[in-house]
Amino acid sequence: MKPLVAIVGRPNVGKSRLFNRLVGQRRAIVADVPGVTRDRHYAPADWAGREYIVIDTGGLDLEPAADLEHKISKQSMRAVEEADAVICLFDGQCDPTSSDREVVAALRGVSKPVIFVVNKVDEATHEARLHEFYELGIKDLFAVSAEHGRGVDDMLDELWRRLPQAPEPSEEAERGTMVAVVGRPNVGKSTLINRLAGEERVVVHEKAGTTRDAIDVEIDFEGHAYTFIDTAGVKRGWGVADRLEKFTAMRSLRTIDRAAIVLQLIDGSEGMTKQDLHLSEFVREQGKGLIILVNKWDLVDEEWELRRQKILDALGEMADVPLLAISAAKGQNCLKIFSLIDRMEAGLAQKISTSKLNRIIERALAEHHLPVYKGREVRIYYATQVSTYPPTFALFANYPAAVPYQYRRYLIRRIQEELGGGGVPVRIVCRRK
């Protein structure tokens, strides 16, 4: 599984700017206002071919503390507990503060790699300021400029040297289709797995999962094997689900990494919240098959089509995701989940021949021409499928970087139509011929 790297530090030291630097695009809102980070701040990244997930802890503060500007938040410390490594960031443009000292003190007992980094060291002449931070009792410091990229490479090299080696894969093969069950607290994740495990014609086997605090529940249904991964942890005795609704974003990210398909539960009475949407976006970016289950629908007094349309509007470009209204507590529509999983898996495994794929691309190009790049015609010569789970296609062009995002989205939609729709994620990579 991909390691988790949490960025911590007091407000306004540049955590979001470093996050954007590591991810490679402007994902976090950056402003010189303490506590501005409130939104979605976890994303996949890679360094020298090694993949990881980076977390800006400000964005994981689901219940922001009133004094966030003065101390590390409870949620940030939870991120530290769950992460595999920590980047502790300071502001090199000012002297160490009492909040910096609190952060360092809080990290002293952490039994995992902690990289202490002084940010906003934009020039070599600024490095003289580092000696003030050594007074915090830190042995090794890295000077970086998150804005300009200075020193970030050395920091990442050291981070990877300190990360523990990934565990060897288990000799016991994971069984059947891997399905992650994720969602906000108390949406019914464990209740759903309990329901599926207790339905007629289902055989259940319980074993410890490889995800921290998660349990893999193996279910056989009509001759097909599935392994459901519950982030809350399903224990023996299926009736204790209510007290097992423990959730952290980090555990869900680990779970998503293992699965081919993700069942995301949302609360039918609340609809699609911002936090739900951020999790959905992450799942799709990871190339996983996403199915959204609107749980507790038996408690909602609204026409399904009206609520469904509101959710689709919120999903925007992800409006092709399958939606199903269920009641995990009462079993309403729960058995339909298996057929949705089967259809999604078939789509993820589907292959398109090179000849058929190029006919699809040729028709798409004929209907909507590529925009001109610096006065020159952009041409796509041919395409081929390079992998499945998710279906991934390489397009060979004279100017790969000149194929704009919206045009790639257009080509993805055309390919998805050939795959039968159903919300199957598709990736396109453009390469030079």
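These are my notebook entries on a predicted model, taken element by element.

**Entry 1: strand 1.** I began with strand 1 (residues 4-8), which is mostly covered, five of its five residues being buried. I looked at which way the side chains face: Leu4, Ala6 and Val8 point one way from the strand, while Val5 and Ile7 point the other way, and all are buried. For partners I found strand 3 (residues 50-56), which runs parallel to strand 1 and is joined to it by four bridges, with Leu4 standing opposite Ile53. Strand 4 (residues 85-91) also pairs with strand 1 in the parallel sense, over four bridges, and here Ala6 stands opposite Val86.

**Entry 2: salt bridges.** I then turned to charged pairs, bearing in mind that side chains of opposite charge can pair when their charged atoms come close. The count comes to 22 salt bridges. I looked up Arg10, which forms one with Asp100, the closest N and O atoms being 3.1 Å apart. This pair links distant parts of the chain, since Arg10 sits in the loop between strand 1 and helix 1 (15-23) and Asp100 in helix 3 (residues 98-107), 90 residues apart. Are the two partners buried or exposed? Arg10 has a relative accessibility of 12% and therefore counts as buried, and Asp100, at 1%, also counts as buried; the cut-off I applied is under 20%. I also noted a salt bridge between the side chains of Glu302 and Lys310 (3.0 Å, N to O), and a network of salt bridges that links Asp140, Glu158, Arg161 and Arg162.

Entry 3: I next traced an open sheet of three strands, in the order 14-15-16 and with mixed pairing. Strand 14 (380-387) and strand 16 (427-432) stand at the edges with a single partner strand each, so one side of each has no neighbour in the sheet. Neighbouring strands of this sheet are turned by 25° against each other on average, direction ignored. Strand 14 pairs with strand 15 (residues 392-397) in the antiparallel sense over six bridges, and within that region I found Thr384 opposite Ala394. Helix 11 lies across strand 14 and strand 15, running at about 135° to strand 14.

**Entry 4: helix 12.** I checked the length of helix 12 (residues 405-418): at 1.5 Å a residue, its 14 residues should span 20 Å, and its end C-alpha atoms are 20 Å apart, which agrees. Its buried residues include Tyr407, Tyr410, Leu411 and Arg414. What covers the buried residues of this helix? The cover includes helix 8 (274-285), helix 11 and strands 14, 15 and 16. Just after helix 12, I noted that Gly420 takes a positive phi of about 95°.

**Entry 5: Arg414 and its partners.** Glu417 itself is exposed, with a relative accessible area of 56%. From helix 11 (residues 354-367) I looked up Glu367, whose side chain makes a polar contact with the side chain of Arg414 (2.8 Å). Leaving aside neighbours within four places in sequence, Glu367 is in contact with Tyr410 and Arg414, and with a relative accessible area of 48% Glu367 is partly exposed.

Key: Residues are numbered from 1 along each chain as its sequence is written. This is a predicted model: local features need pLDDT of at least 70, side-chain atom pairs count only at pLDDT 80 or more; totals for chains, interfaces and linings use all residues. Side-chain values use heavy atoms; hydrogens and water are left out. Helices (H or I, at least four residues) and strands (E, at least two) are DSSP runs, numbered from the N terminus. Buried means under 20% relative accessible area, exposed over 50%, partly exposed in between (1.4 Å probe, protein chains only). Contact means heavy atoms within 4.5 Å. A polar contact is a pair of N or O atoms within 3.5 Å; within protein, one must be able to donate a hydrogen and the other to accept it, and residues adjacent in sequence count only if both atoms are side-chain atoms. Two strands pair if DSSP finds at least two bridges between them. Axes are lines fitted to C-alpha atoms, for helices over the stretch in contact, and angles run from 0 to 180 degrees between N-to-C directions. The expected span of a helix is 1.5 Å times one less than its number of residues. A salt bridge is a side-chain nitrogen of Lys or Arg within 4 Å of a carboxyl oxygen of Asp or Glu.
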